[in-house]
Amino acid sequence: MKKEYLYSPGPTTVPPEALSVMGAPMFHHRTARFQALFAEVVAGLKDVLQTANDVLVFAGSGTAAMEASVVNVCSPGDRIITVNGGKFGERWGQIGRAYGLDVDEITIEWGQAVTPAQIAGHLNDKVKAVYIQQCETSTAVVADVKAIAEVVAKTNAILVVDAISGLLCDELLTDAWGVDLVVGGSQKGLMVPPGLAFVSVSKKAWGLVEQAKLPRYYLDFKKAKKAVDKNDTPYTPAVSVIRGLRETLALVKAEGRDTMMANAARYAEAIRAGMTAIGLRIFAQSPSNAVTAVLMPEGADSGKFNKLLYERFGVTFAGGQDALKGKVFRIASMGYLNEFDVLTAVAAVEHTLKAMGIAFEPGAAVKAAQETLVR
């Protein structure tokens, strides 16, 4: 009998409280019942994001919210700044070019974080928006969003932050830091299945929405705003996922937003301590609390490692993408986890590496992780 353990940086394990309500009988969404549900969810998202700004919710993946954050604030030929330091920062540039924008792409070495000075060096009066990752999921790097926001706030440009994987793991104070658009998704720190994307929109960003001339229909902020003001959505919502999200937002509130982030930080630190105790190296120079990217030993392939990990122990990690394919495995520390889940993940690494013939002191990783958690 094989039990499964999910440690991918999305989708993550869904708590039973959410699973139970998502399996309940369906009801119609154009009703007062749905409006009450949706109002609760939007209020909960505002609390998680630490914002009084509008929060717009779409049925779709996080990439839908990324695209919405381009087409609703830009016009053909506008200049934007993007940061290519991984697969998801790269995506901002791809979306911008798809819509005919003038993309000023800052390319940084994978594993490094973009600096505020680098952003400042590309800012000028022509820049309409700056697009960055809070956590670059493919490399497990976290950016200094607060410092970058301070730089961008001195200009007419808006700051757009992809917080899809960093939310509830790495700190993000939307209003206090002056972040104009924050992009999120349902399937990571918020602990429900994929299917919901959302964006918070500042007053400064709304000014650009009024001027934007890029085409949009389904992802139109104005339509979503008109609907959300009535506790509704312009098109058919993902009702079951929204029901589950109400439950997980209640869990976050009960646990405490700060406690959730503190736990993610502890778990990530314990994972990193365990990996380094057996001679493995952490890839990110500025590591996120949401996910840890671990370099494989010389000559070993992470694809084979992950395959063996799942076949023997039912454990799922994520592999490397693009240039990192076969070179790293990634362990999430977000969402519905506790200390024993972390120790299970670390122990699974030891068992699998031993099965691959990698030499290290058995038990060293688990010991280091446990000592870190106790501290």
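Which residues does I119 touch, not counting residues up to four places away in sequence? In this structure I119 touches I81, V83, I106, V114, V130, I132, I148 and V152, where contact means heavy atoms within 4.5 Å. The model is a predicted one, in which local features need pLDDT of at least 70 and side-chain atom pairs count only at pLDDT 80 or more, while totals for chains, interfaces and linings use all residues. Residues are numbered from 1 along each chain as its sequence is written, and side-chain values use heavy atoms, with hydrogens and water left out.

**Nonpolar cores**

- The largest nonpolar core has 87 residues, and of these I119 and F221 touch the most other members; such a core is a set of buried Ala, Val, Leu, Ile, Met, Phe, Trp, Tyr and Cys residues joined through side-chain atoms within 4.5 Å, with buried meaning under 20% relative accessible area (1.4 Å probe, protein chains only).
- Helix α2 (residues 32–49) gives the most to this core, namely eight residues; helices here are DSSP runs (H or I, at least four residues), numbered from the N terminus.
- A second, separate core of 31 residues includes I278, I282, I331 and L353.

**A buried threonine**

- T372 is found in helix α14 (residues 364–374), and T372 is buried because its relative accessible area is 7%.
- Leaving aside neighbours within four places in sequence, T372 is in contact with E269, A270 and A273.

How values were computed:
Buried < 20%, exposed > 50% of the residue type's maximum accessible area, 1.4 Å probe, protein only. Helix = DSSP H or I, 4+ residues; strand = E, 2+ residues; numbered from the N terminus.
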